[in-house]
Amino acid sequence: MRLLKLGGQAVALAAVAGMLGLLVWRLTHQAHPPKIGGPAPNFTLRRLEGPGTLALASLRGHPVVLNFWASWCVPCKGEAAKLQQEWTQYRKQGVVFLGIDYHDVGSDARTFLSHHGITYPTVQDGSGKIGDRYGITGVPETYFVDRRGRLVGVHVLGPITESKFAQQFHAGLRAALGS
Amino acid sequence: MLRLVAVGVAALVFAGPAAACAHPRTSLTYLEGQIMCPTCHTTLDQSDSDAARQIEAYIQKRIDACATAGQIKSELVANFGAGILAAPPHKGFDLLAWWLPLGGVIGGAGLLALGVWRWSRRREPEPVVALDPETEKRIDELLADLD
């Protein structure tokens, strides 16, 4: 009987320790936006407009514009044409625009790309894990990555159709280009 | 005659898709409580966000195309990951989420029963208090008076 009592106490202690462990793990693994100046978190995601995957690391050597968007997001609709226009202009300088479709239905996202004539590569982040790693608070949001894979400029927290965000966007592009 | 043809065409247009399903059609109301809105972390029936409305529209489209509830859920999991389901699936590691709480409740009830059983056995019978002859005699007299 004494053994049973000891066993019960050990199980209870283990359960409490497990709960504490979970709490500590949760607190230490909360999503924080990556630091500007630090390395851009790498990812490999399924391509939306075609087969296969695309890894951010494979774009090393190019300045990259990471634009988080979704087809259900109203400001993203307004921003799409502007982004496509910027991409057409900056691709000549080696800049790669990469759309990251966040928490979205794939078929609706493809319709969105086709409707807005988006031609730069886009990947699908359906679960939102990559968006969470980048500390996304909503869409659209944009990051800039320089040729060495570091985040530069500012984290643009809105559509680049608004003048404040447009200024941040162009400053970010210049920082990514290293000029 | 023209009116009859029009009615026939309308019946075909509206009743056609419903009749085409080989199985009972699932409903948006049934699925809404089982699917999460990925941006607001509540079930679809409790959310009015753009993302929730988009998923509802997708579900309705698939229901109209005769997809079963299971098919729709699988498609959503493939698109959004397992986190889109309000409850974990009944297989693999996820089974733990179903059985662990049940095991905890049964184990707790067992421990409680064991504790109660041990407590009830440990109690000793209450000693019988013997009356002193004086008191006993007095009670007998009182009872005799009552008769």
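**A buried tyrosine, an interface and an open helix**

Hi everyone, let's start with Y102(A), which is buried: 30 other C-beta atoms lie within 10 Å, and the cut-off for calling a residue buried is 20 or more. Please keep in mind as we go that this is a predicted model.

So where does that tyrosine sit? Y102(A) belongs to strand β4 of chain A, which covers residues 96–102. Which residues does Y102(A) touch, once we leave aside its neighbours within four places in sequence? The contacts are F68(A), W69(A), A70(A), D125(A), G128(A), G131(A), I136(A) and V139(A). Take V139(A) from that list: it is 37 residues away from Y102(A) in sequence, yet the two C-alpha atoms are 7.9 Å apart in space.

Now, over to where the chains meet. Here 12 residues of chain B are in contact with 11 residues of chain A. On the chain B side, the elements giving two or more residues are α3 (50–64) and α4 (69–80). Which of the elements gives the largest share? That's α3(B), with five residues. If you like to sort by class, this side of chain B has six nonpolar, five polar and one charged residues.

Last stop, helix α5 of chain B, residues 95–122. The helix has 28 residues and reaches 40 Å from its first C-alpha to its last, close to the 40 Å expected at 1.5 Å a residue. Is α5(B) largely buried or in the open? The number of buried residues among its 28 is zero, so α5(B) lies largely in the open.

Thanks, everyone, and I'm happy to chat.

Notes:
Residues are numbered from 1 along each chain as its sequence is written. Chains are lettered from A and ligands numbered from 1 in the order in which they are written. This is a predicted model: local features need pLDDT of at least 70, side-chain atom pairs count only at pLDDT 80 or more; totals for chains, interfaces and linings use all residues. Helices (H or I, at least four residues) and strands (E, at least two) are DSSP runs, numbered from the N terminus. A residue is buried if 20 or more other C-beta atoms lie within 10 Å of its own, exposed if 12 or fewer, and partly exposed in between; C-beta atoms are placed from the backbone. Two residues are in contact if their C-beta atoms, placed from the backbone, lie within 7 Å. Ala, Val, Leu, Ile, Met, Phe, Trp, Tyr, Cys and Pro count as nonpolar, Asp, Glu, Lys and Arg as charged, and the others, Gly among them, as polar. The expected span of a helix is 1.5 Å times one less than its number of residues.
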